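Subject: Structure for you to look at

Hi,

Here is the structure I promised to pass on. Please open it next to this email and follow along.

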Amino acid sequence: MSHLSPDEHNRLEQVAFGIREVFSERGHNIGTALDQDPSFREGERARSGLARSMMQTAVALAVGAVPELGLESGEGGVRLVRSLDRGHSRRYRVLSAKEHEGSFRILSSSDSILDVDDESMFIEESWVLAYTLDHDNQVEHLFVAQVLDRLDGNPGELVLGPEYMLMGSPPAGDGGFRPTDEDLPMDDVDEADDAGAADVG
């Protein structure tokens with residue numbers, strides 16, 4: 001199990017700042033959309049789907065402002081933030097989490113997140129970039145953690161290493177994150193994301 005370098009932590013704090021800025025500006029639109037029809041308020045599926053879509057956009061915008069990080073689509077179109085930190089090649093998979101008895105749970109219907117390239121010249125690691133939203137559809141918790149294992153079940157649950165909580169720090173010498181309204185191509189997420197997204201908020 002590895003630990004984040006100060007530089008990596010700083011990069012992720014910049015991403016967190018961008019994500020929180022997007023939700024601060026747009027999060028209220030989730031509630032507005034849900035109010036369009038009473039059926040949208042039945043269960044959490046509609047809310048979690050809207051939150052997931054907004055988070056995908058927020059991550060894309062935020063990562064785009066941090067040159068050292070990359071963004072790619074994994075199996076099923078899932079968003080992956082890529083980084084190289086002191087010889088460790090990390091994939092941060094964007095997933096929703098749920099608070100449970102003082103800790104965080106992330107459900108997953110597949111152990112594909114544990115797949116790494118054993119022939120890579122770097123130490124390949126799988127991490128999560130996880131979030132929870134409050135009742136006002138604002139980012140409540142945002143953290144990264146290494147994925148150590150997956151517990152079998154229906155759908156199953158990820159076993160995480162220590163969590164690095166991200167409060168969101170603006171880039172040094174910058175006036176702040178400036179999201180745009182430019183449309184970004186978005187891909188569908190896989191079953192693991194669907195399972196995790198159901199727990200948003």
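**What I found**

Start at the hairpin of β2 and β3. Two residues lie between the strands, and R86 takes a positive phi near 50° there. Keep in mind that this is a predicted model.

Now look at the two strands themselves. β2 covers residues 79–85, and it pairs with β3 in the antiparallel sense. Six bridges hold that pairing. Find L80 and look across: R93 in β3 stands opposite.

β3 has another partner. Strand β6, residues 123–133, runs parallel to β3, and nine bridges join the two.

How many residues of β3 are buried? Nine of its nine, across residues 88–96. Both faces are covered. H88, R90, Y92, V94 and S96 are on one side. S89, R91, R93 and L95 are on the other.

Then move to helix α3, residues 45–64, and find A58. Is A58 buried or exposed? A58 counts as buried because its relative accessible area is 0%, and the cut-off for buried is under 20%.

What does A58 touch, leaving out residues up to four places away in sequence? The answer is I19, V22 and F23. V15 and A58 are 43 residues apart along the chain, yet their C-alpha atoms are separated by 9.0 Å.

Best wishes

How values were computed
Residues numbered from 1 in each chain as written. Predicted model: local features only at pLDDT ≥ 70, side-chain atom pairs only at ≥ 80, totals over all residues. Heavy atoms only, no water. Helix = DSSP H or I, 4+ residues; strand = E, 2+ residues; numbered from the N terminus. Buried < 20%, exposed > 50% of the residue type's maximum accessible area, 1.4 Å probe, protein only. Contact = heavy atoms within 4.5 Å. Pairing = 2+ DSSP bridges.
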